[in-house]
Amino acid sequence: MSCKSTKVAPSVDFDHSCSDSVEYLTLNFGPFETVHRWRRLPPCDEFVGARRSKHTVVAYRDAIYVFGGDNGKNMLNDLLRFDVKDCSWCRAFTTGTPPAPRYHHSAVVYGSSMFVFGNSGATPGDIYSNSNLKNKNDLFEYKFATGQWTEWKVEGSLPVARSAHGATVYSDKLWIFAGYDGNARLNDMWTISLQDREHACWEEIDQSGEIPPSCCNFPVAVCRDKMFVFSGQSGAKITNNLFQFEFKGHMWTRIPTEHLLRGSPPPPQRRYGHTMVAFDRHLYVFGGAADNTLPNELHCYDVDSQTWEVIHPSLDSEMPSGRLFHAAAVIQDAMYIFGGTVDNNVRSGEMYRFQFSCYPKCTLHEDYGKLWENRQFCDVEFILGEKEARVLGHIAIVTARCRWLRKKLLQARDRQRQKSKQETSEDSDEAASRDLPAGHRPSGTQPMLEVFIREAEAQPFEVLMQFLYTDKIQYPRRGHVQDVLLIMDVYKLALSFKLSRLEQLCVQYIEASVDLQNVLSVCENANKLQLDQLKEHCLNFVVKESHFNQVIMTKEFEHLSTPLIVEIVRRKQQPPPRLYSDQPVDIGTSLVQDMKAYLEGGGLEFCDIILLLDGHPRPAHKAILAARSSYFEAMFRSFMPEDGQVNISIGEMVPSKQAFDSMLRYIYYGDVNMPPEDSLYLFAAPYYYGFSNNRLQAYCKQNLEMNVTVENVLQRQADKTQALDMKKHCLHIIVHQFIKVSKLPNLRSLSQLLLLDIIESLATHISDKQCAEMGSDI
């Protein structure tokens, strides 16, 4: 079930106020569109509006509104409307005085109005850069209901006139950031309330934190109550950094990329003239000019996991070509892209639609992370270093992720069993000497497994454990010496424990954190810990032309060990030749890969619970089940069966073995690939077993929708899962294809109630005219 063939999963709503009846699960069936599919829609005809770039588009209800831009010869101020249901173009009705022709302006929607701010000037390098055009800071409102254009006359301080800036709406206010004033790029921010035109006034925002460099021709998007800015034209400082702005504290933060492993999808190239829109928890970046190329990949940023990926379009996609200065907007679960400048500086009049996927996010890493934080159901205690600090953990997670620790655990378990045998033998001898019956001899409880690790201290070991549970580490303050030294200790452990993935994370963090203030401390610690790769990085950093004089003038350099000083001086005088390796970097195995291998047999010797499916045993791991399911968590916490066996069902239904295996794959490593038959059984599993969200159910529902045909619709209709919306969908197919369905042999085997449902649906479907015609034939 790859993204190339899937359909959009509709929304799934849980009513948790109800009892345990799966009849309360509702899904909104509707027309399905292939996920990640690009579709080319009718272009804008020249008699409606010119092809253009540097325009704006906004979405209002079921329409896209295009304003302004340039057609390669003239600037425009017409307003076009594209109906997304009818896929038709027209000129929008307008009255009043519209804004003067302009491009590189901004447009946003607030309430039932569109607001247009700024521009009519020129930006560096464009076709009007030698003209006498001037930027503007005017603000216009267009009312969708009446078509009325009105200019807001605002008293008091005004933002400097600008173009190619960013604009968005948040908390009833218009926010303006950066842009170009005709002479220089900006990075100031202004806001104005859109609630009351009579009393509106501009206010400059006092920004703090890691403020983006002055820039223009960049997009902004709001997601999770934060504004995001990606790349743009910023002169020599142009980067592919992503910044987020918190509206409440007016604080900027650069989104780090140190946690992205080498080999993982990197951020998009630096670029300008691109678009970025927000949908659900994702930001989607398309197009723009990237180092003299016009890429057409669609990049997606997950705000929760802070990771980038390139979206692979469906096989039947009609891909837009690369372009810049186009515009994009979102309506429901689709993105619409219009216009832009394509190859050979040609303006486009094309409209494209991209279908988002809207599945609930995978909570695998979060669920295991909560298990680590809560320390429930711990069954191993690590005793660390000379101080013998103690850290609790879970055998299942540790043995699944780290072979070195797995070996230690097995050795500790063997010692514990030998000790237990010896104690049991001594107790038996004592009981025999006292003439006690066998049934009255003390049995004792299994003590927690203790594992001694002399080479590890508590703080770095806890960071390592966090990685085992979540596949990431919580980075401390970047650049602070003590925090960097902590990650170096973690790196040392990662090398000892042979955790390649953690090694890469640590190296990337440390290398990104080295600066003029801490480089000597990091270098000396790397030398002490024999971390040659990090030491090499620090030495190369020190001898850089722009760094060397500043570093050697510090007090830290005076106290540096003599061998290191000698090494630095020699390297400065005679730099070693650069060695290039074409060997791929080993990034190790991920949490998903490790848990998959664990379920498929790698964790069999560590099973501590038996799941009974219709009397057939299936060994499993308590900690993993409890981390992923509130049903199992409550069971193991409150009324764990004495024999360690749990009967598996979904309500009153026992799933098939194949469906049960699919559910275990979802629990252990988040897999949602399954045949349609499994989806029938597992449709209600998220509700019954209390998974963190309804991701599994959304995939089940989509899987069923894709695979319901005229041939199998009766089987789906007769299913006992009681999914009411699925039943309605099947009935819809039956009544619209009744001639074919009526010839199926298993129609006669349906229950009386289901046959009545079909008759009722047919009666509802038949029109009054058809009833009259049927009556005249009688």
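Q: Why is Cys-523 called buried in this model?
A: The model is predicted. Cys-523 has a relative accessibility of 1%. Buried means under 20%. Cys-523 therefore counts as buried.

Q: What makes Cys-506 buried or exposed?
A: Its relative accessibility is 0%. The cut-off for buried is under 20%, so Cys-506 counts as buried.

Q: Which residues of helix H7 are buried?
A: H7 covers residues 519-529. Its buried residues are Val-519, Leu-520, Val-522, Cys-523, Asn-525, Ala-526 and Leu-529.

Q: What do the buried residues of H7 pack against?
A: Helices H5 (481-496), H6 (500-513), H8 (532-542), H9 (548-552), H10 (555-558) and H11 (562-573).

Q: Which residue follows H7, and what is its phi?
A: Gln-530 follows H7. Its phi is positive, near 60 degrees.

Q: Why is Thr-341 called buried?
A: Thr-341 has 5% relative accessibility. The limit is under 20%, so Thr-341 counts as buried. The residue is found in strand S27 (residues 341-342).

Q: What makes the link between the side chains of Thr-341 and Ser-53 a polar contact?
A: The two side chains are joined at 3.0 Å. A polar contact is a pair of N or O atoms within 3.5 Å, one able to donate a hydrogen and the other to accept it. The Thr-341 and Ser-53 pair therefore qualifies.

Q: Which residues is Thr-341 in contact with, leaving aside its neighbours within four places in sequence?
A: Ser-53, Leu-294, Gly-322, Arg-323, Leu-324, Val-346 and Arg-347.

Q: What makes S12 and strand S13 a pair?
A: Five bridges join S12 to S13 (residues 173-180). Pairing takes at least two bridges, so S12 and S13 pair. The two strands run antiparallel. Gly-166 has Phe-177 of S13 as its bridge partner.

Q: What is the order of the open sheet of four strands?
A: S12-S13-S14-S15, with antiparallel pairing. Strands S12 (166-170) and S15 (203-204) are the edges, as each pairs on one side only.

Q: In what order do the strands of the open sheet of three lie?
A: The order is S31-S30-S32, and the pairing is mixed. S31 (389-393) and S32 (449-453) are the edge strands, each pairing on one side only. Direction ignored, neighbouring strands are turned by 25 degrees against each other on average.

Q: How do you know that strand S30 and S32 pair?
A: S30 (residues 380-384) and S32 share five bridges, in the parallel sense. At least two are needed, so the strands pair. In S32, Leu-449 is the bridge partner of Val-380.

Q: Which strands does H4 lie across?
A: S30, S31 and S32. H4 runs at about 5 degrees to S31.

Q: At what angle do helix H1 and helix H4 pack?
A: H1 (residues 364-374) and H4 (residues 458-470) pack at about 145 degrees, with axes 8 Å apart. H1 brings His-365, Tyr-368, Gly-369, Leu-371 and Trp-372 to the contact. H4 brings Glu-462, Met-465, Gln-466, Tyr-469 and Thr-470.

Q: How do the residues of the contact of H1 with H4 divide?
A: Five are nonpolar, four polar and one charged.

Technical notes: Residues are numbered from 1 along each chain as its sequence is written. This is a predicted model: local features need pLDDT of at least 70, side-chain atom pairs count only at pLDDT 80 or more; totals for chains, interfaces and linings use all residues. Side-chain values use heavy atoms; hydrogens and water are left out. Buried means under 20% relative accessible area, exposed over 50%, partly exposed in between (1.4 Å probe, protein chains only). Contact means heavy atoms within 4.5 Å. Axes are lines fitted to C-alpha atoms, for helices over the stretch in contact, and angles run from 0 to 180 degrees between N-to-C directions. Ala, Val, Leu, Ile, Met, Phe, Trp, Tyr, Cys and Pro count as nonpolar, Asp, Glu, Lys and Arg as charged, and the others, Gly among them, as polar.
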